[in-house]
Amino acid sequence: MHLPNLLQQRFRNALASLSDEAETYASMIRPTSDPRHGDYQANCAMPLSKRLGRKPRDVADELVEQLELGDLCDVPEVAGPGFINLKLRDEFLYQSLRSMLGDSRCGVAEHGADRSIVIDFSSPNVAKPMHVGHIRSTVIGDALARSLRFLGYRVTTDNHLGDWGTQFGTIIYGYKHFGDPAVVDKNPVKELAKLYRTANQLIEYRKAVRSLERLRRSLDEATAGLAETLAQSQQAEASKQKAAKKAVASAERRVASAEANLESARGKIDAVDQDPQLAELAELHPDIDAAVLEETAKLHRGDEENVTLWKRFLPHCKDEINRVYDRLDVSFDYTLGESFYHGMLGDVVEKLEQDGLARESDGAVCVFLPEFDAPMIVRKQDGAYLYATTDLATLQYRLEQFNPSEILYVVDTRQSEHFEKLFAVAHHFGLEHVKLVHVNFGTVLGEDGRPMKTRSGTLIGLESLLDDAVERARQVVCNPERLAGFDPPMDEAEQEMIAEVVGIGAIKFADLSHHRTSDYRFNLDKMVALEGNTSTYVQYSYARTQKILENAEKLESDVIDMIEREGWSFTHPAERALAVMLIKLEEALLALHKDYAPNQLVDYLLDTAKAYSKFNDNCHVLRAETPQIQATRLALVSLTGRVLQLGLQLLGVGVVPRM
């Protein structure tokens, strides 16, 4: 049920005689911030009155006369300069709640008939362990897939793995030059990751050494620029002081950035120079970056040795990431990595050239787009292909295999320009009828406001992050004081299960609670807290509903029988407030789809849990004054539990029966 849509339809009918823009004015309906003013408020009379040259209240009064809302609302009230306040009828709420009881969809209609959506998300490079940077794409993509599938869309999920290219050239080089085959065979996942890290660290070392002088010059130039800007600001006229302060702040940021870049390069150099083993390897492999590119090129050319090593290493790398996906309860319909499309890339470039979209430039093949300064390179001078080429091949394959109406790419904001170019070319490539969306997102930050990294400067491993979350959850929800209150006692296995569900759920929910485009600071203590905007709070609310039903010895079928026999009765404002929240689930899900923003569902679940907490504090269920009041309250408890469980499930977060 989507109440704003119902109300807007009634307003469109009433507005038809007043304006030819009824749709625009009917959309001006919002939930009220104060329940004393009703449940919804229409604000269309004020802007409409300006078009009609009439008083707002007169327009509002006329609208109220034309409205047919008797089955939904009490008589609308006109307030202030022309606000129309709408209060849902209790009888309408009773009917809505009754239709939700026993309904596995909790009253949510299906909206996606005959529409197919492909969601591309997670997409790690399998040559190295997943890190904290992968959490956002993974949980946002999974929440979108679950929610859109629930709304009735035919959803196909694809994990476009980085299982080809430079990362495997790096592993192959490391294996050939400083790997021990016997050690790798004994523990392939750990040792291959180690070889990748070592080779990559030496590559970064060489890059840092070469860039050191340039970075020093950049810092000197930025420092000199700051001094000059400070001098100019001191001489600026009073009227120009604001602009001068902005210029100084900008110059200070350039200095800070230059210092950070130089510090990062020095850190990479020191990490190798101060480690005798790494320093020796750096001396023995002075051209490692070029050599890795050659190993990659050999792989792409089909070199027998490198292809054999790639086939040998790839399953172990996939096992590593699949273990993390299992723990996150994330799955995919397809995992078609870059290697799957490698044989199609030549045809893609040929088609682009034949269609006049691509031409040679300095030995490379490029697509020149008038709306972009830089071209999209689809084949380099050495014949190697790029991500853009693979993405175009992927688009063509998805169009042929899945016939989608929509394709979502859940990829971080830093790739925005790449997707702008990709989508521009795609429309020339026969996909103009497919909606292509870059579902971009921000960065996970540490407490210092910088991207989360270890002391060595590497991104924190995702699996260790999950371990930390589970351990912190155990300390919060399974501490001795809380355990002492459980009857029957909670054994070790149940504690372990609860800690895992709560800990993993805390990370997911915290990520999804922010609008996807925002950066956020990672704080485990806040994420697993029983109070505040956390999954733990919502999970605990669900557990409270189950405890009440257990104490009442009622299943939902029993509650339905009671309601049929006793009827409904709201006797406290908290009952009605909770009822209004419960029927807004569909509203939240459609808002999620509109902006591809799971935080819309998170906010709804938190508001519902808070409404339930007020209900729980004010409305005793087992000691209700009459059978009718008890039936009403048990129905609210039962529906709250199911709505919270369903909502969390659509976010990929589990629940536990007690905590």
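Which residues lie nearest the centre of the second largest pocket, and how many residues line the pocket?

Author: The model is a predicted one, in which local features need pLDDT of at least 70 and side-chain atom pairs count only at pLDDT 80 or more, while totals for chains, interfaces and linings use all residues. Residues are numbered from 1 along each chain as its sequence is written, and side-chain values use heavy atoms, with hydrogens and water left out.

The second largest pocket is lined by 44 residues, and those nearest its centre are Pro31, Thr32, Asp39, Met581 and Lys584. A pocket here is an open set of points on a 1 Å grid over the protein atoms alone, where a 1.4 Å probe fits, with protein on both sides within 12 Å along at least five of seven lines; lining residues have an atom within 4 Å of a point. The space in this pocket is about 1400 Å³, a volume being the space filled by probe spheres set on the points, with grid points joined across faces, edges and corners.

Two or more lining residues come from each of helix H1 (3–15), strand S1 (29–31), strand S4 (83–86), helix H24 (573–582), helix H25 (585–595) and helix H26 (599–618). Helices (H or I, at least four residues) and strands (E, at least two) are DSSP runs, numbered from the N terminus. The most is given by H26, with seven residues. By class, the lining holds 17 nonpolar, 11 polar and 16 charged residues; Ala, Val, Leu, Ile, Met, Phe, Trp, Tyr, Cys and Pro count as nonpolar, Asp, Glu, Lys and Arg as charged, and the others, Gly among them, as polar.

Strands S1 and S4 also belong to an open sheet of four strands, in the order S1-S2-S4-S3, with antiparallel pairing. Two strands pair if DSSP finds at least two bridges between them. S1 and strand S3 (77–79) are the edge strands, each pairing on one side only. From one strand to the next, the twist averages 30 degrees. Within this sheet, strand S2 (residues 40–42) and S4 are antiparallel and share three bridges; Gln41 has Asn85 in S4 as its bridge partner. Helix H4 (residues 56–66) lies across S3 and S4 and runs at about 170 degrees to S3. Contact means heavy atoms within 4.5 Å, and axes are lines fitted to C-alpha atoms, for helices over the stretch in contact, with angles from 0 to 180 degrees between N-to-C directions.

Another open sheet has four strands with parallel pairing, in the order S6-S5-S10-S11. Strand S6 (154–158) and strand S11 (435–439) stand at its edges with a single partner strand each, so one side of each has no neighbour in the sheet. Here the twist averages 20 degrees from one strand to the next. Strand S5 (residues 116–120) and strand S10 (residues 406–410) run parallel and are joined by four bridges, and Val118 stands opposite Ile407 in S10. Helix H17 (residues 416–428) lies across S10 and S11, at about 175 degrees to S11.

Two backbone details complete the description. Asp114, in the loop between helix H5 (90–100) and S5, has a positive phi near 65 degrees, although the residue is not glycine. A cis peptide bond joins Asp487 and Pro488, with omega about 5 degrees; Pro488 is in the loop between helix H19 (480–483) and helix H20 (492–513).
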